[in-house]
Amino acid sequence: MQRKTANGSSARREELLAIAAEMFAAQGFLATTVREIADTAGILSGSLYHHFDSKESMVDEILRDFLDSQQRAYNEVLREHTDAREVIIELVRVSFRSIGSYQQAIAIFQNESKYLSQFERFSYLKQISQSFERTWLQVLQQGLKAGVFRADLNPKLVYRFIRDTVWTTVHWYNPRGRLSTDTIADQYITILCDGIIAR
C-alpha cells in the first residue's frame, strides 16, 4: 500500500512539473504564479506546497533533469566516437532528440538562464553552458588539427552557429507535425556538412 502511495505521489509530482514547465515556457518564469500552476492542475495552492516548496524548486528540477540528460548524451557520444566529423554529427543528433523530449525545458533554459543565473542556487546554469561549449570547441579544434574541417574556420563562431541553429528549433518544432526531430537533424546535418549549393 505504501508503495502505491509513493508511486502516486511521484506521478503527481511529474504531472505538476509538466504543467509548470509548459507554463514557464509559454508565459515566462516571473509571469507564472504558484496559484496559476495550482489552478491549472486543479488543486489548491497549499496542496502544491506538499510537493514543492517554491516555484524556484520546480524550475530547478525541470532544468536539472534536462541538463543532466544532455550531459550524459554528450558524454556517450564522446565515448563511442573518435572521428571529429562523426562526433559533430552525433552531437547535433542528440541535441535534436533532446528537443523532442525536453522542448519546454530547453525553452526555459534559453529564455530564463540570464535571469536565474543571478541567484546562487542557479549558478550551475553558467557552468553547464561553459561545459557544453568546451565540449563542442574541443571537437571542432581536433577536427581542424586533423584536417577534417576547413582550416579557415573560427571554432567559436562555428560553435555559436551550430548552437543557435539547433536550439532555436525549439521555438517552432511541433511534436505532432510531419517532421520528426531525426528528420530535421538529418537535413541540418546535410546543410552543415555539404552546404546548400548544388554541385
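Predicted model: local features only at pLDDT ≥ 70, side-chain atom pairs only at ≥ 80, totals over all residues.
1. **Overall fold.** The protein has nine helices and zero strands. Along the sequence the pattern reads α-α-α-α-α-α-α-α-α. Along the principal axes, the C-alpha atoms fill a box of roughly 60 × 40 × 35 Å.

2. The protein has 199 residues, and 41% of them are buried. Take the contacts with a separation of 6 or more: 68% of these come from residues 24 or more positions apart.

3. **Ser 95.** This residue lies in helix H5, which spans residues 84-101. Is Ser 95 buried or exposed? Its relative accessible area is 1%, so Ser 95 is buried. Leaving aside neighbours within four places in sequence, Ser 95 is in contact with Gln 70, Tyr 74, Trp 136, Val 166 and Trp 167.

4. **Phe 149.** Here the setting is a loop, between helix H7 (124-146) and helix H8 (155-167). Phe 149 counts as buried because its relative accessibility is 18%, and the cut-off for buried is under 20%. What does Phe 149 touch, not counting residues up to four places away in sequence? The list is Ala 84, Arg 85, Ile 88, Val 139, Leu 140, Gly 143 and Leu 144. Take Ala 84 from that list. Phe 149 and Ala 84 are 65 residues apart in sequence, yet their C-alpha atoms are 8.6 Å apart in space.

5. **Salt bridges: the count and a pair in H1.** A search of the whole structure finds ten salt bridges. One of them joins the side chains of Arg 12 and Glu 15, at 2.7 Å from N to O. Both residues lie in helix H1 (residues 2-27). They are three residues apart, about one turn of the helix. Arg 12 is partly exposed, with a relative accessible area of 21%. Glu 15 is also partly exposed, at 39%.

6. **Arg 93, with two partners.** Arg 93 forms a salt bridge with Glu 90, at 3.5 Å from N to O. Arg 93 and Glu 90 are three residues apart in helix H5, so about one helical turn separates them. Arg 93 also meets the side chain of Asp 186 in a salt bridge, at 2.4 Å from N to O. Which parts of the chain does the pair of Asp 186 and Arg 93 link? They are distant ones: Asp 186 is in helix H9 and Arg 93 in helix H5, 93 residues apart. Asp 186 is partly exposed, with a relative accessible area of 37%.

7. **A salt-bridge network.** Salt bridges that share partners join Asp 60, Arg 64 and Arg 121 into one network.

8. **Nonpolar patch.** Which residues make the nonpolar surface patch of about 350 Å²? They are Ile 191, Ile 196 and Ile 197. Ile 197 sits in the segment after helix H9 (181-194). Its relative accessibility is 66%, so Ile 197 counts as exposed; the cut-off for exposed is over 50%.

Technical notes: Residues numbered from 1 in each chain as written. Heavy atoms only, no water. Patch = residues over 30% accessible without salt bridge, like charges linked within 9 Å, V, L, I, M, F, W, Y side chains within 5 Å. Areas by Shrake-Rupley, 256 points an atom, 1.4 Å probe, with all protein chains shown as cover. Salt bridge = Lys/Arg side-chain N within 4 Å of Asp/Glu carboxyl O. Helix = DSSP H or I, 4+ residues; strand = E, 2+ residues; numbered from the N terminus. Buried < 20%, exposed > 50% of the residue type's maximum accessible area, 1.4 Å probe, protein only. Contact = heavy atoms within 4.5 Å.
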